[in-house]
Structures are given as C-alpha cells and as structure tokens.
Amino acid sequence: RFSVPEEMRRFALHWRIHNKVANHFNPRAAACEAAYDKLAACDPHSADFESARTTYFEARQDARAFELQSCNVVLATNCSCRRGWIPQMLQKENIELRQVVVDECGTSPEPETLCPLTLSKSVQRIVLVGDYRQLRPVVKNRDAAALGLARSLFERLSTQGAAAGMEPTEKTSAQEQPAVAEAIPLSRSDLVQQAFRTLLDGSEGAEGAAEDCLKMKETRQFAEFTGWEGDDDAWSEEYRALCSELGRDPVRGLDLDAFQRLVDDQSEQGCFCTDGELRTLAKLPQLSAEPRHSDEGIQAPSSVLLRQQYR
C-alpha cells in the first residue's frame with residue numbers, strides 16, 4: 001500500500017476504506033480504520049488477536065461494499081479483479097458492470113484477458129484497447145507459446161474477424177476476406193513458403209538461379225510491408241545488418257530458411273508475422289522489383305520491425 005504515490009492515494013481502495021483520504025465520504029471507513037488500528041496494536045499470540053482480526057475483516061468488507069456500490073469506475077489489473085472478494089462482493093451486493101475496458105490488451109495472454117470479461121453476466125459493452133503489432137504477450141516457455149499462449153485475445157479476434165462473421169469494412173471487401181472454413185488449412189510452413197515465393201516472383205532468383213534468395217530489393221519490399229520506412233541509404237545499412245544477424249551474405253540475400261527464422265522470431269531482433277499476415281502477403285499480386293514509397297502500394301499490416309525501433 002505504501003508503494004502508491006501520495007497524490008494517487010485518493011484513488012486507491014486501501015486508503016479510501018481506511019479513512020485516509022481527506023474529504024472522501026465513506027460512512028463505514030471510520031469503523032474500518034478503528035478496527036485496523038486495534039488489530040495492529042494486538043499481539044499475534046494474545047487471546048484477543050483472533051477476535052480483533054475477525055472484527056477488522058468484517059469492517060473492511062463493509063467499507064469495500066460501500067465503495068463498489070457508490071463508484072462509477074473500478075480500476076484493476078486483469079488478475080487482481082478475479083481475487084476472491086471482488087466477484088463474491090459483486091454478486092452479493094447485486095452489482096452489475098455495464099462496460100468492461102481492457103487496456104494494453106495486445107500484451108495480455110488470452111486467459112488473463114478473460115478474467116475481467118467474466119466478472120459480470122450483464123455487460124453491455126466490451127472494449128479491447130491495444131496494438132499487438134508492437135508488443136505481444138511475453139511468454140518464456142516455448143511450448144506454451146507454440147500452443148497459442150503467446151497470442152492475445154485481441155490479436156486472435158483481430159486476425160480472425162472474418163471467420164467470426166464480422167461484416168466487411170470499407171477497406172476490406174467480402175472477396176478479400178478469408179473463408180470461414182477451408183477444406184485443408186495451410187500449415188505455417190506452407191504460408192511462409194508462399195509468402196517467400198510471392199516476394200521472389202519477378203526477381204533475379206526466379207529466373208533459374210542456383211539458389212532462390214531475396215536480394216536487397218525484394219527484402220525491402222517485405223520490410224515496407226511490415227511497416228519499415230526509410231530512404232535508400234538507411235535501407236542499405238539495415239539490410240546489411242539484417243543479413244549479418246541471420247548469418248547471410250548480403251550479396252546472396254536471404255534464402256527460405258533465413259526468411260523463416262525472420263518471420264518466426266518474436267524477439268526484438270526479429271520480425272514476427274502472424275499466420276494472417278503471411279496469408280495476406282501470399283495473396284498479394286506479383287510485387288514489383290522497385291521499392292515502394294511509404295505513401296503508395298501495400299499498407300503496413302499487423303507486425304512492424306521492432307528491431308528497427310530498438311536498435
């Protein structure tokens with residue numbers, strides 16, 4: 001509780017229910033404060049300790065109930081809002097939430113996001129705010145990440161909106177949306193190969209070279225597709241740094257294996273692309289060999305080059 005800055009304590013539940021916020025009305029806060037002071041003065045080994053603790057818990061519960069009944073907005077973390085007393089008190093006091101807003105939802109694993117969404121049965125509106133293209137959930141266990149824990153609910157709903165029956169927007173025609181179900185869904189490896197081939201079509205590597213590789217121009221098209229912006233000199237330096245990180249000769253370019261590692265890498269050094277973004281890239285018409293300017297051609301999709309931002 002002492003970690004809360006003094007200027008923010010008037011918004012903190014602990015300080016409100018313990019009668020520590022000036023000019024804040026809570027008729028049950030004084031009793032909670034007195035019970036807390038009595039408990040703090042008790043010896044834990046004394047005969048009065050259990051009675052004092054029970055009295056304090058009851059007074060605290062009453063003060064909490066008043067706060068929940070009288071407030072318009074409740075601020076909590078995803079996990080703390082599912083602590084036992086909050087859902088129990090909402091049900092006991094017959095308090096219904098009308099709207100739930102989850103901020104920075106792109107960084108929250110899906111199970112965490114479900115915590116506030118399941119607090120009330122009569123929520124009228126749910127708002128998810130965030131940008132999964134910049135920051136995604138931090139999941140250190142590779143198995144858990146591979147099974148989907150590294151993808152937030154926000155990202156899943158955004159990339160699978162068409163499959164969920166969402167109406168086409170002005171920028172997305174019905175023909176451009178993916179089918180609700182496919183007879184044989186493509187694996188991620190297949191999607192990477194298709195995206196690689198789309199970038200390769202029309203390039204030097206597609207003319208029968210011994211090794212199909214994305215040279216500087218083709219790789220720049222992919223970078224701009226993922227949101228990179230810069231002039232020729234900046235890209236020349238970026239491309240060489242990228243090849244060095246992937247262990248590739250800049251003259252030869254990126255082969256399929258290097259491209260796969262690049263789009264699968266979720267670290268700051270990589271350029272992770274979701275399956276939906278790979279599908280979008282694979283379905284684009286043949287790309288020109290000339291680099292595109294930022295204000296024309298394909299628009300940046302869901303991922304960006306975090307390596308460029310954090311270098």
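Helices here are DSSP runs of H or I with at least four residues and strands are runs of E with at least two, both numbered from the N terminus. The model is a predicted one, in which local features need pLDDT of at least 70 and side-chain atom pairs count only at pLDDT 80 or more, while totals for chains, interfaces and linings use all residues. Residues are numbered from 1 along each chain as its sequence is written, and side-chain values use heavy atoms, with hydrogens and water left out.

Select Ala59 to begin, which you will find in helix 3 (residues 49-70). Ala59 is buried, at a relative accessible area of 10%, where buried means under 20%, exposed over 50% and partly exposed in between, with a 1.4 Å probe and protein chains only. Leaving aside residues up to four places away in sequence, Ala59 touches Ala31, Cys32 and Ala35, contact being heavy atoms within 4.5 Å.

Then move to strand 1 (residues 99-102), where Val100 and Val102 form the covered face and Gln99 and Val101 the uncovered one. Strand 2 (residues 125-128) runs parallel to strand 1 and is joined to it by four bridges, pairing being assigned if DSSP finds at least two bridges between strands. Finally, select Val101 together with Val127 of strand 2, which stands opposite.
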